[in-house]
Amino acid sequence: MANSNKIALLLINTGSPDAPTEEAVRRYLAEFLGDRRIVELPRWKWWPILHGIILRTRPKKSAERYRGVWTDEGSPLIVHTRRTAGALEAELGIPVYWSMRYGSPSTASVLDRMKADGVGRVLVMPMFAQYASQTTAACLDGVSEYQLSHVDAPAVRTIHDYHDDPAYIDALAAHVRAYWDEHGSPVSTGVMSFHGIPQASSNRGDVYEAQCLRTASLLAERLGLEEGAWSVCFQSRFGRDEWLRPYTIDSVRELAEAGVPRIDVVCPGFAADCLETIEEIDDELRREYLAAFRDDSGAEFHYIAALNDSPEAVKAYASIVRREAAGWI
């Protein structure tokens, strides 16, 4: 029986395969791409594509990509999320749990553990500063499903977003400045790359695009970047439909072709480094940028890592949690 007064924080991120193997990736993709939040096509149209084509061809290639970023401790996303939870627990003085919307540990299994530990009040923090149906809402779906299927479910509060929270913007700015202190003078051109979503989602009223632009504007202002010295773009497009533009890869190619000698890329929508930042940005995008130069011009590509479990990140998250848990903590 839960203690109605015991409070805990639950961090939720998207997820990762259990291992960089074809079988594990297939299992993960089936769950991830089988969610209506992720792919909004009718089942009769999407299911044959998913099970007849994608799950037969994509896992092998994706497993190779995951092997390229895997660490001794496992998936980078899992490692950073686990470390962030530990650091936040020490900072806040309350239990902090973590789960994945897809893959392990599942949100339901972690909520079961919280219940067994006597937790009666849960503050849920999806690890996405900008709200989107495909991320924040999908994570909250997992919590709602648990609430609906259990008679004695805990009291729940949820954090909707923190895209313009001063503590979050301060953390991003401090993180970027620390990188510049170590790697030389400020950028010639700053690129803020956010994960994309289908343009149709934005057209239907999803606030994600507007929140990304707001985050970018506030970060540029906090860093003292002049207009024209930074740009916003969107990465990780999937499928043939139109996604939010401009696409990161196109923007960076244009900068290289224009002879911009140095770009610094930051991904303000990613709480933790993962396949999409380590491989897609720091590897693939780096190669695209450098290859676009026709001569040995000394061009520099800098990827500024995600906040991960940095002290500035933990401080910002703690500030947000204390505000959202007012009356509980």
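**View 1. Cys212 is buried, at 0% relative accessibility.** Here buried denotes under 20% relative accessible area, with a 1.4 Å probe and protein chains only. The model is predicted, with local features needing pLDDT of at least 70 and side-chain atom pairs pLDDT 80 or more, while totals for chains, interfaces and linings use all residues. Residues are numbered from 1 along each chain as its sequence is written, and side-chain values use heavy atoms, without hydrogens and water. The closest cysteine sulfur to that of Cys212 belongs to Cys233, 11 Å away, which is too far for a bond.

**View 2. Cys267 is likewise buried, with a relative accessible area of 3%.** Its sulfur lies 8.4 Å from the closest cysteine sulfur, in Cys233, again too far for a bond. With a disulfide taken as a pair of cysteine sulfur atoms within 2.5 Å, the count is 0 disulfides.

**View 3. Helix α11 covers residues 280-291.** Helices are DSSP runs of H or I with at least four residues, strands are E runs of at least two, and both are numbered from the N terminus. The buried residues of α11 are Glu280, Ile281, Leu285 and Tyr289. They fall within an arc of 90 degrees seen down the axis, so they line one face of the helix; the arc is that of the directions from the helix axis to the C-beta atoms. Their packing partners include β5 (189-195), α9 (248-257) and β8 (300-304).

**View 4. Leu9 is in contact with Leu88, Met125 and Val321, among others.** Contact requires heavy atoms within 4.5 Å.

Note on methods. Buried < 20%, exposed > 50% of the residue type's maximum accessible area, 1.4 Å probe, protein only. Expected span 1.5 Å × (residues − 1). Lists of a residue's contacts leave out its neighbours within four places in sequence.
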